[in-house]
Amino acid sequence: MLHTLAVLVENNPGVLIRVAGLFTRRGYNIDSLTVCQTEDPELSRMTIVVNGDDQIIEQVRNQLSKLVVVHSVSDLTGESVVDRELALIRVQVSTETRSAVLQTVDIFRGRVVDMGRTNITVELTGDIPKIDAFVHAIQPYGLLELVRTGKVAILRSEA
Amino acid sequence: MSEERTGIKGATILLNALQQEGVDVIFGYPGGVLLPLYDALLDSPIRHVLGRHEQGVVFAADGYSRVTGKVGVCLGTSGPGATNLVTGIANAFLDSIPLVVLTGQVSTGSIGSDSFQEVDIIGITMPITKHSYLVKDPRDLPRIVKEAFYIARTGRPGPVLIDLPKDVLAQENVVPFSNEMKLKGYKVFGQANNGKIEEVAKVLSESRKPVLYAGGGVVTAGAEDVLRLFADKTAVPVVTTLMGIGSLPLEHPNSLGMVGMHGTVTANYAVDDCDLLIAVGVRFDDRVTSGMGHRFATKAKVIHIDIDPVEISKVVKTEIQIVGDARQVLAEILEALPGFANPDVTDWWNQLRDWRKKNTIQYDKDRLTPPMVMECLGEIAGGDTIVTTDVGQHQMWAAQYYPTVNPRNYATSSGLGVMGYGLPAAIGAQIARPKDKVVLITGDGSFQMSIQELGTIAQNKLPVKIILLNNGVLGMVRQMQKMFYNERYSQIELQGNPDFVKVAEAYGIRGISVNSPEQVRGAIEEAFKHPGPVLVDITISEHENVLPMVPPGKDITEMIVR
Ligand SMILES: Cc1ncc(C[n+]2csc(CCOP(=O)(O)OP(=O)(O)O)c2C)c(N)n1
Ligand SMILES: [Mg+2]
């Protein structure tokens with residue numbers, strides 16, 4: 001099962017390699033990993049999506065907590081969270097397909113951010129299934145290039 | 001600190017910070033980038049012991065740490081000096097030994113340019129250090145040193161590396177920052193275990209076949225006295241790991257000896273048959289479980305007490321988990337015991353005694369055998385002598401037969417199992433505890449991996465007694481080839497062995513050679529009478545095997561016993 005871990009780490013060079021090294025060394029699989037600074041410039045936030053059963057995830061959490069550079073680890077899986085991913089997708093277009101492609105982009109509330117003679121670039125934000133669904137829908141027209149940021153997530157505020 | 005803000009040299013700041021941590025000795029080896037440090041060392045009260053190889057200095061620091069419980073400190077230059085330390089760092093990491101490893105590094109401006117003697121030692125050692133620092137500003141040294149020692153010795157101890165660029169050491173007129181630690185992310189585990197302690201006491205009182213399985217965590221926590229009280233009060237039998245040797249002396253009535261691959265038959269049967277396994281400061285290593293956690297102590301409820309949450313349920317499923325310091329937790333359990341009945345273990349002990357009676361290994365006292373040498377050595381040297389060992393058959397004979405009474409008197413490379421550890425570890429031990437007797441039990445293969453350290457022994461006039469079990473072969477490998485590879489012996493003969501007595505003598509060290517059983521006692525007595533270092537070269541047969549033995553992949557009850 002996929003788990004989303006929110007990991008608060010020191011914002012120093014070398015931190016990423018410590019975290020990534022731990023995953024390779026122990027044979028855990030990273031599905032995606034994002035890092036960015038937090039509101040506190042001394043800290044970064046990693047959102048790590050990792051695959052494993054409960055026992056493995058428990059090991060991953062404990063191993064991460066043991067790193068001196070890691071301040072906290074929380075498993076957002078099963079919690080009430082808002083999660084998003086950003087994707088940039090270049091799609092082939094021709095005079096015949098252009099309007100159909102644009103319509104699909106519209107349905108998914110994407111934005112066209114660049115346009116060439118034979119292709120357009122779409123920006124899309126959403127949870128992972130939405131982006132997967134868009135990729136699926138657009139494929140028949142000719143998917144030229146795809147970049148995804150990986151998931152970022154935050155706990156929902158209590159009502 | 002002083003109000004005067006004149007500033008001092010980076011290297012001096014480092015040495016002052018080490019002194020603040022109580023460092024009295026550094027085991028080291030110099031080189032180019034360390035010149036500013038070796039210069040400053042001339043004006044420092046800290047003693048420096050010059051090894052003959054960086055692997056020796058890190059093993060010596062490790063030996064120093066094991067016999068004192070203090071943080072060991074070693075130092076090597078950049079590049080080859082640093083890479084030579086790597087094996088020793090791995091050794092300390094796997095056995096959770098607190099070390100602060102100092103390495104020289106090329107100047108900050110040259111880092112990353114493949115300059116002369118540059119290696120990324122932080123990168124190389126990342127998987128085998130508890131933490132590491134690259135010092136970029138000498139003003140940070142007091143804080144970094146303080147943090148490094150704190151991390152090395154607290155929680156589950158381990159090696160911490162500090163990489164020291166030459167310009168950081170050489171910089172003059174530095175006014176250091178405060179040494180206040182900034183370790184928000186570092187957690188030391190161990191909290192109140194309300195409820196769980198009572199639960200342990202209850203489960204124990206209901207048990208009919210309990211076993212306590214003690215390891216290195218007991219030694220780290222200094223819990224041997226509490227363990228003994230616990231054993232005395234509850235009559236629970238105790239097995240130890242290699243790391244836990246001495247935490248309950250072999251002659252204690254509750255001791256069943258070592259468990260695992262070369263453990264005693266009784267210990268292995270007991271663990272297999274018990275209904276309650278109290279695991280304290282152990283990690284269910286594959287030398288104990290045969291690498292099969294799911295087939296280990298299957299009839300038992302398992303209670304796991306360890307300071308490292310990562311170890312809990314890593315290998316075996318456990319019923320009660322307590323994260324904490326072994327001494328503290330055992331003491332709490334002891335306090336809770338009076339509220340519960342003592343377990344009825346009468347039948348259990350009858351069973352255990354029966355196993356023991358049937359399986360005590362008899363050896364011929366008239367032949368020159370390793371057990372005979374070990375027992376003779378034990379009688380003469382006594383249980384409170386510090387023992388260090390190398391790796392191989394001799395290590396297992398020492399573990400099985402040497403009557404250690406204090407776990408701080410025993411240093412052996414367990415997790416890494418690294419040949420060459422014993423001699424430098426003996427050096428570190430003797431320097432740490434100059435008034436105590438130190439004996440190295442080694443083999444002809446292992447000894448030659450660190451033989452150059454005889455120079456360190458000679459230079460420092462260390463009265464270490466070296467007992468060399470000389471079988472002319474890589475005995476442990478031979479034993480495996482005999483048992484599991486149809487006696488197809490491959491690359492185990494050490495035909496080029498020197499005359500070890502002459503080698504010792506060449507270093508100014510007394511050498512005694514032993515070839516017959518009658519000579520054993522006299523030679524060992526003479527070694528201990530002599531005030532200086534002595535090497536006793538004891539010829540034993542290559543046909544001796546370490547028994548019992550659990551073959552690879554077999555349950556721990558499926559032992560080869562003869
Ligand atoms: C550095 C290192 N290399 C290889 C081994 C594998 N190994 C384990 S025991 C052993 C033989 C040890 O020979 P010796 O020191 O003579 O001890 P004996 O078994 O003969 O008592 C070897 C090669 C090891 N443990 N460490
Ligand atoms: Mg040998």
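Me: Which residues surround ligand 1, and which are the closest?

Reply: A residue counts as near a molecule if one of its heavy atoms lies within 4 Å of it. Here 17 residues surround ligand 1, the closest being Q393(B), G417(B), G445(B), S446(B) and G475(B). Mind that this is a predicted model: local features need pLDDT of at least 70, side-chain atom pairs count only at pLDDT 80 or more, and totals for chains, interfaces and linings use all residues. Residues are numbered from 1 along each chain as its sequence is written, chains are lettered from A and ligands numbered from 1 in the order in which they are written, and side-chain values use heavy atoms, with hydrogens and water left out.

Me: What lies 2.9 Å from an oxygen atom of ligand 1?

Reply: A polar contact is a pair of N or O atoms within 3.5 Å. A polar side-chain atom of N471(B) sits 2.9 Å from a ligand 1 oxygen; for M476(B), a polar backbone atom is 2.9 Å from an oxygen of the ligand.

Me: And which residues are the protein donors of the magnesium ion (ligand 2)?

Reply: Donors are N, O and S atoms within 2.8 Å of the metal (3.2 Å for Na, K and Ca); water is not among the atoms, so sites may look incomplete. In this model they are D444(B) (OD), N471(B) (OD1) and V473(B) (O), 2.1 to 2.2 Å from the ion. Along the sequence, the spacing reads D-x26-N-x1-V.

Me: Are D444(B) and N471(B) buried or exposed?

Reply: Buried means under 20% relative accessible area, exposed over 50%, partly exposed in between (1.4 Å probe, protein chains only). Both D444(B) and N471(B) are buried.

How values were computed
Polar contact = N/O pair within 3.5 Å; in protein donor to acceptor, adjacent residues only side chain to side chain.
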